Amino acid sequence: MNASEKYIEDHSTRQTEALEWIGKQTHIRTNHARMLTGAVQGRFLKMLAEAVSPKNILEIGTFTGYSSVCLAMALPENGHLDTLEVNDELEDLILEGFRRAGLEKKISLIVGDARKSLERLRQEILHDKTRPEYDLVYIDANKREYPEYYRLVFDIVKKGGYIMADNVLWDGKVYQDPLPADRQTAGITAFNDMVAADPRTESVIIPVRDGLNFIRKIR
Ligand SMILES: C[S@@+](CC[C@H](N)C(=O)[O-])C[C@H]1O[C@@H](n2cnc3c(N)ncnc32)[C@H](O)[C@@H]1O
């Protein structure tokens with residue numbers, strides 16, 4: 001952690017015990033702790049979600065459940081969060097974290113490829129009018145697939161609802177000239193271009209950590 005990150009963390013509200021546990025376990029039990037949403041971005045996600053007042057949230061890319069817990073902390077008593085993760089080896093750790101946060105009844109973990117899960121959720125929501133659309137969607141899975149997630153999710157977000165996508169600055173690669181040739185950068189730049197050109201949305205990229213695209217579905 002550099003000096004500015006330390007100062008910001010020291011002067012922001014501390015993470016809860018359950019989040020601290022998830023963070024520690026992520027470092028001990030996985031090799032990908034860099035993917036973890038940290039205490040500062042986690043607090044920001046929670047507060048941003050609270051401002052949106054969602055009743056139904058969808059998260060694409062659970063990893064160890066840190067951001068799921070932050071987002072679910074913003075839900076009302078009868079609110080719900082669905083979270084999609086392809087790596088079934090993380091299931092025990094994820095569910096234990098939800099339990100420690102006291103949020104196990106409010107969060108459903110859906111294990112499998114997000115694109116397949118999204119196809120299924122689309123069928124359910126678009127054809128069963130009693131099943132509510134999402135008020136807030138958080139995209140944080142495979143960077144190559146961001147455009148596909150956006151296309152799949154758009155119709156199941158409520159009009160006036162929000163989509164947030166993480167890592168949209170991709171360590172500055174999205175504005176390098178020439179653009180790096182990797183598929184992750186291509187996925188994120190295609191996503192950001194698609195959102196910026198979409199007349200159905202209002203959007204702003206917030207330069208928190210690796211960039212958060214904050215999108216409102218206006219029609
Ligand atoms: C950056 S991590 C998510 C971090 C998490 N949101 C957090 O803040 O703690 C990305 C996750 O997406 C998952 N993932 C990647 N491709 C996926 C796919 N097609 N379907 C579902 N999950 C996927 C990865 O296994 C990984 O756990």
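Trainee: Hi! What kind of model is this, and how are residues numbered?
Mentor: It is a predicted model, where local features need pLDDT of at least 70, side-chain atom pairs count only at pLDDT 80 or more, and totals for chains, interfaces and linings use all residues. Residues are numbered from 1 along each chain as its sequence is written.

Trainee: What share of the residues is buried?
Mentor: Of the 219 residues, 40% count as buried. A residue is buried if 20 or more other C-beta atoms lie within 10 Å of its own, exposed if 12 or fewer, and partly exposed in between, with C-beta atoms placed from the backbone.

Trainee: Let's pick one residue. Is K106 buried or exposed?
Mentor: K106 is buried, because 20 other C-beta atoms lie within 10 Å. You'll find K106 in the loop between α5 (91-100) and β3 (107-111).

Trainee: Which residues does K106 touch?
Mentor: Leaving out residues up to four places away in sequence, K106 touches A72, L75, G79, H80 and L81. Touching here means that the C-beta atoms, placed from the backbone, lie within 7 Å. The C-alpha atoms of K106 and D82 are separated by 8.6 Å, and these two residues are 24 apart along the chain.

Trainee: New topic: which residues come nearest to the ligand?
Mentor: T37, G61, F63, S67 and A114 come nearest, out of 19 residues around the ligand. A residue counts as near if its C-beta atom, placed from the backbone, lies within 6 Å of the molecule. The elements giving two or more residues to this shell are α4 (66-72), β2 (80-85) and α6 (114-127).

Trainee: How do the shell residues divide by type?
Mentor: The shell has 8 nonpolar, 6 polar and 5 charged residues. Ala, Val, Leu, Ile, Met, Phe, Trp, Tyr, Cys and Pro count as nonpolar, Asp, Glu, Lys and Arg as charged, and the others, Gly among them, as polar.

Trainee: Back to the backbone. Where is the cis peptide bond?
Mentor: The bond from D177 to P178 is cis, with omega near 0°. P178 sits in the loop between β5 (157-166) and α8.

Trainee: What about phi at D171?
Mentor: D171 has a positive phi of about 60° although it is not a glycine. D171 is also in the loop between β5 and α8, and counts as exposed because it has 12 C-beta neighbours inside 10 Å.

Trainee: And what is phi at R209?
Mentor: R209 has a positive phi of about 45°, and R209 is not a glycine either. R209 lies in the loop between β6 (201-206) and β7 (212-217). With 15 other C-beta atoms within 10 Å, R209 is partly exposed.

Key: Helix = DSSP H or I, 4+ residues; strand = E, 2+ residues; numbered from the N terminus. Contact = placed C-beta atoms within 7 Å.
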